[in-house]
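Look at the structure below before reading on.

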Amino acid sequence: MTDLGTERHPVVVRVRSQERAALVAELGRTKGLRFIVGIEPDEPEDLTDLAIASGKDVTKAFEPPMAPLQLLLPEVASHETRTLLVDGSRVSALPSGAYCFNELYCVKPGCDCRRVMLWVFRDEERVATLNHAFSPDQDRDIGLEQTFLDPLHRQSASAPALLDLFKRVVCDPAYQARLERHYRQVKDALADPAHAIHDRLAAECPQMPRPIVRERVARPWEPFDLGLKKPCSCGSGKRYKHCCWRQ
């Protein structure tokens, strides 16, 4: 269908949560597509129209399982997490205070996404979630900027100003190199079966190393099984859809 994504023939997709719907909507807008998003928690996710209309495998744009650096490499995080002191009288868009940029990295086995997520905290409140790729053109083919406010997470009114501040001030060449070094340290640790990182993940977030949804590859229009009605792998005896998949 040559006019897929127009007002006459909108893209129709099916997802399982409000968060996934928000990301699909963001991707659709960047491509200038007309779309309808249905949310059906108990049905398989279907991104066929979006893949066909954009000409890309859009599944790679979805967030992989992430874990904070404080959990993965606590000694590194304790010494190398960046905090920025902001004077609200000089930066009118932000309240005065200390803004801490907490790093999160993908723990999906075999993934080399080359990106970092940053939770920005002011005191005890998370005020922004940033998504940053190490290569400027890394996500150009799916319409995403190198650094953006992650649509899967709620953002505060200060988030746009923090995004601008991150781009202009925080992410200097030295900090960019630090983030890339942390990324490689995490990936090397994950590749080492004897590293303590695996015990920390198993103790704190046992579901994170395993993707919740089976990836769609090669031909995105083929149906695939989420396994929602199968016994959950955690051993509870419940069906997957009634147990761990919502985590």
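The side chains of Asp-164 and Arg-168 form a salt bridge, with N and O 2.7 Å apart; a salt bridge here is a side-chain nitrogen of Lys or Arg within 4 Å of a carboxyl oxygen of Asp or Glu. Asp-164 and Arg-168 are 4 residues apart in helix H5, so about one helical turn separates them. Helices (H or I, at least four residues) and strands (E, at least two) are DSSP runs, numbered from the N terminus. Asp-164 is partly exposed at 37% relative accessibility, while Arg-168 is exposed at 57%. Buried means under 20% relative accessible area, exposed over 50%, and partly exposed in between, with a 1.4 Å probe and protein chains only.

The model is predicted: local features need pLDDT of at least 70 and side-chain atom pairs count only at pLDDT 80 or more, whereas totals for chains, interfaces and linings use all residues. Residues are numbered from 1 along each chain as its sequence is written, and side-chain values use heavy atoms, with hydrogens and water left out.

In the protein as a whole there are 7 helices and 8 strands. Of its 247 residues, 42% count as buried. Contact means heavy atoms within 4.5 Å. Among contacts with a separation of 6 or more, 57% are between residues 24 or more positions apart.

How many salt bridges does a search of the whole structure find? The search finds 5. The table lists some of them.

| Pair | Closest N and O atoms |
|---|---|
| Arg-181 and Glu-80 | 3.0 Å |
| Asp-172 and Arg-82 | 3.5 Å |

Arg-181 and Glu-80 form a salt bridge. This pair links distant parts of the chain, with Arg-181 in helix H6 and Glu-80 in helix H4 (residues 74-80), 101 residues apart. Arg-181 is partly exposed, with a relative accessible area of 37%, and Glu-80 is partly exposed at 22%.

Another salt bridge joins Asp-172 and Arg-82. Asp-172 lies in the loop between H5 and H6 and Arg-82 in strand S4 (residues 82-86), so the pair ties together parts that are 90 residues apart in sequence. Asp-172 is partly exposed at 28%, whereas Arg-82 counts as buried at 18%.

Helix H6 covers residues 173-191, which is 19 residues. From its first C-alpha to its last, H6 reaches 27 Å, close to the 27 Å expected at 1.5 Å a residue; the expected span is 1.5 Å times one less than the number of residues. The buried residues of H6 are Tyr-175, Gln-176, Leu-179, His-182, Tyr-183, Val-186, Lys-187, Ala-189 and Leu-190. Seen down the helix axis, these buried residues fall within an arc of 165°, so they line one face of H6. The arc is that of the directions from the helix axis to the C-beta atoms. On the face turned away from the buried side are the exposed residues Pro-173, Ala-174 and Ala-191.

One of the buried residues in H6 is Lys-187. Leaving aside neighbours within four places in sequence, Lys-187 is in contact with Cys-106, Lys-108 and Cys-111.

A nonpolar core is a set of buried Ala, Val, Leu, Ile, Met, Phe, Trp, Tyr and Cys residues joined through side-chain atoms within 4.5 Å. The largest such core has 41 residues, and Leu-72 and Phe-101 touch the most other members. Helix H5 (residues 159-170) gives the most to this core, with 7 residues. A second, separate core has 9 residues, including Leu-4, Val-11, Ala-21 and Leu-50. Not counting residues up to four places away in sequence, Leu-72 touches Ala-67, Tyr-105, Val-107, Val-186, Ile-197, Arg-200 and Leu-201.

Two loop residues remain. Arg-114 is not a glycine, yet its phi is positive, near 55°. Arg-114 is in the loop between strand S5 (97-106) and strand S6 (115-122), and it is partly exposed at 27%. Asp-123, also not a glycine, has a positive phi of about 60°. Asp-123 lies in the loop between S6 and strand S7 (125-133) and is exposed, with a relative accessible area of 61%.
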